Every structure is written in structure tokens, then in C-alpha cells.
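This report describes one protein chain.

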Amino acid sequence: NISGLEPAHYALQFQVAAVPTLPFAIRIGEINDRDRVYLNGRLIGATGDFTSNEPQAYDKVRTYAIPAGLMRAGTNTLVVDVQGVLEKESGIYRDRVEIGPADK
């Protein structure tokens, strides 16, 4: 752990009635500071360098495309690994998390 802050691991399970036919994406609010996002065990996006001591992306909203065929009917699992660098705010700390059609 480069910054001295403990990493955070968020997990969310959600249900989908049917496999989407349109391109889907996930929007994650502002994160202090870098992240890796996995859907059903597959990396779908990352922001920042986990080996740096410098703040890089604490003020950026993340939007990651979900690869076709990765979401499945039934239960899906989203995992967000976060490494913070700012002492007062860490983790997913602003905005919202949404999964839906990429064009929205």
C-alpha cells in the first residue's frame, strides 16, 4: 500500500431478467483515487496507477463499457477495488453508481 491508506473493496450483486441486447455501461461516481472494476470476475475498467504516491483521478467520474456477453440473466457481481491517496475522503465518495444502456 503506497499511500498508507487501506484499500477498499466494494461488491454489489444485481439481478438481470434477460441478457441485454444493447450495449451496456457502468457509471461510478468520483473515487479517491484509483480503481479497478470487475464484472463477473472480468476486469472491465481501471483508472490510475496503483504504484504512485500522487493523486491522479479523485475528481473523475468513471464510465466503463460492459463487454457484450459478460452480463448474464440472473445474478451478476460487480467488484470495485479502490486505492485512496487523500486522507480525508477515500473510496467511492461522490455521485452515484448506475448500470444501464450505454447511450444513456
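## Largest pocket

In this predicted model, strand β7 gives the largest share of the lining of the largest pocket, with 5 residues. Strand β7 covers residues 91-101. Both β2 (24-32) and β7 supply at least two residues each to that lining. The volume of the pocket is about 190 Å³.

The lining consists of Ala-25, Ile-26, Arg-27, Thr-63, Arg-96, Glu-98, Ile-99, Gly-100, Pro-101, Ala-102 and Lys-104. By class, 5 of these residues are nonpolar, 2 polar and 4 charged.

## Fold and dimensions

The chain has 7 strands and 0 helices, so its pattern along the sequence reads β-β-β-β-β-β-β. The C-alpha trace spans about 40 × 25 × 20 Å along its principal axes. A compact globule of 104 residues would have a radius of gyration near 13 Å, and the 14 Å of this chain agrees with that. Buried residues account for 37% of the 104 residues.

## Confidence

The average pLDDT of the chain is 89, and 95% of the residues score at least 70. Among the elements, strand β4 (residues 42-47) has the highest mean pLDDT, 97, while strand β7 has the lowest, 89. Strand β7 is also the element that contributes the largest share of the pocket lining.

Arg-34 belongs to strand β3, which runs over residues 34-39. Its relative accessibility is 0%, and Arg-34 therefore counts as buried, the cut-off being under 20%. A polar atom of the Arg-34 side chain lies 3.3 Å from the backbone oxygen of Asp-49.

Asp-33 sits in the loop between β2 and β3. The peptide bond leading from Asn-32 to Asp-33 is cis, and its omega is near 5 degrees.

## Residues with positive phi

Asn-40 is located in the loop between β3 and β4. Its phi is near 50 degrees, a positive value in a residue other than glycine. Asn-40 has a relative accessible area of 17% and is therefore buried.

Asp-95 is placed in strand β7. The phi of Asp-95 is near 85 degrees, which is likewise positive in a residue other than glycine. At 42% relative accessibility, Asp-95 is partly exposed, because that class lies between the limits of 20% and 50%.

Technical notes. Residues are numbered from 1 along each chain as its sequence is written. This is a predicted model: local features need pLDDT of at least 70, side-chain atom pairs count only at pLDDT 80 or more; totals for chains, interfaces and linings use all residues. Side-chain values use heavy atoms; hydrogens and water are left out. Helices (H or I, at least four residues) and strands (E, at least two) are DSSP runs, numbered from the N terminus. Buried means under 20% relative accessible area, exposed over 50%, partly exposed in between (1.4 Å probe, protein chains only). A polar contact is a pair of N or O atoms within 3.5 Å; within protein, one must be able to donate a hydrogen and the other to accept it, and residues adjacent in sequence count only if both atoms are side-chain atoms. pLDDT is the predictor's confidence in each residue, from 0 to 100. On a 1 Å grid over the protein atoms alone, a cavity is a set of points where a 1.4 Å probe fits but cannot get out, and a pocket is an open set with protein on both sides within 12 Å along at least five of seven lines; lining residues have an atom within 4 Å of a point. Grid points are joined across faces, edges and corners, and a volume is the space filled by probe spheres set on the points. Ala, Val, Leu, Ile, Met, Phe, Trp, Tyr, Cys and Pro count as nonpolar, Asp, Glu, Lys and Arg as charged, and the others, Gly among them, as polar. The radius of gyration is taken over C-alpha atoms; the globule rule is 2.2 Å times the number of residues to the power 0.38.
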